[in-house]
Amino acid sequence: MFNIDFRDISNKWIEPDLRQPAILDFIYSIIKPFKTSNNFLQVFRDEINYKLLFNGQVIYIEHYLNDVYDPILRRIFISDAERAPINYLFNKLESRPKTYLYNKSEGQVSLYMYNTLEYNGTITFWVNVPASITFNQIVMTNQIDVYRMAGKQFGFKIIP
């Protein structure tokens, strides 16, 4: 559908009596910019269709990053980050397990209550990249940001 043969079109529209080398060369020189633009648009279309193959699922992000940075060994992978445990305060009527808060002077293990902003700002997954792969962290961050879900934070781990 998008493969246009400009030479064939020009040959069909020119009368057989006018198909002389000088006139054909002139017509081909007029068609050359259209042909070049069409080639750029085809390459652009192929790139967009390739990017549309991926979404925010972990397996697809790994596949995309390995295609770009490590197409042969495919060693880039994504792992979940350790999250701080969520501590809730309940009312007695809810009959949940008791959570105690202590003063510093009591010498007990302290319990830290996170704010929602502190908890949401933590890293949710790591992108593990082997040390032998050279990459620009800003460029890779932008490539991941295209597909990652909103609100998910990530970081990079360089692995041996």
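The model is predicted: local features need pLDDT of at least 70 and side-chain atom pairs count only at pLDDT 80 or more, while totals for chains, interfaces and linings use all residues. Residues are numbered from 1 along each chain as its sequence is written, and side-chain values use heavy atoms, with hydrogens and water left out.

Three strands form an open sheet in the order 1-2-3, with mixed pairing. Helices (H or I, at least four residues) and strands (E, at least two) are here DSSP runs, numbered from the N terminus, and two strands pair if DSSP finds at least two bridges between them. In general, strands of a sheet pair through backbone hydrogen bonds, either parallel or antiparallel.

Both senses of pairing involve strand 2. Strand 1 and strand 2 (residues 125-130) are antiparallel and share four bridges. Within this pairing, Asp 80 stands opposite Phe 125 of strand 2, and Phe 77 has Asn 128 of strand 2 as its bridge partner. Strand 2 and strand 3, by contrast, run parallel and are joined by six bridges; here Val 129 has Ile 158 of strand 3 as its bridge partner.

Strand 2 is largely enclosed by the rest of the structure, because five of its six residues are buried. Buried means under 20% relative accessible area, exposed over 50%, and partly exposed in between (1.4 Å probe, protein chains only). Val 127, found in strand 2, is buried with a relative accessible area of 0%. Although Val 127 and Ile 78 are 49 residues apart along the chain, their C-alpha atoms are separated by 4.7 Å. Leaving aside neighbours within four places in sequence, Val 127 is in contact (heavy atoms within 4.5 Å) with residues including Leu 65, Ile 78, Met 140, Ile 144 and Phe 156.

Helix 5 (residues 137-147) lies across strand 2 and strand 3, and runs at about 130° to strand 3. For such angles, axes are lines fitted to C-alpha atoms, for helices over the stretch in contact, and the values run from 0 to 180 degrees between N-to-C directions.

The largest pocket has a volume of about 190 Å³. Its lining consists of Gly 56, Val 58, Ile 61, Ile 78, Asp 80, Thr 124, Phe 125, Arg 148, Met 149 and Lys 152. Helix 3 (58-69) and strand 1 (77-80) are the elements that give two or more residues to this lining. On a 1 Å grid over the protein atoms alone, a pocket is an open set of points where a 1.4 Å probe fits, with protein on both sides within 12 Å along at least five of seven lines, and lining residues have an atom within 4 Å of a point. Grid points are joined across faces, edges and corners, and the volume is the space filled by probe spheres set on the points. The lining residues divide into five nonpolar, two polar and three charged; Ala, Val, Leu, Ile, Met, Phe, Trp, Tyr, Cys and Pro count as nonpolar, Asp, Glu, Lys and Arg as charged, and the others, Gly among them, as polar.

Ser 10 lies in helix 1 (residues 6-13) and is buried at 7% relative accessibility. Beyond its neighbours within four places in sequence, Ser 10 is in contact with Ile 27, Tyr 28 and Ile 31. Lys 51 belongs to helix 2 (residues 21-51) and is partly exposed at 44% relative accessibility. Lys 51 and Tyr 28 are 23 residues apart in sequence and 34 Å apart in space, C-alpha to C-alpha. With neighbours within four places in sequence left aside, Lys 51 is in contact with Tyr 64 and Tyr 147.

Arg 74, in the loop between helix 3 and strand 1, has a phi near 55°, a positive value in a residue other than glycine; Arg 74 is partly exposed, with a relative accessible area of 33%. Ser 95, in the loop between strand 1 and helix 4 (116-120), likewise has a positive phi, near 45°, and is exposed at 64% relative accessibility.
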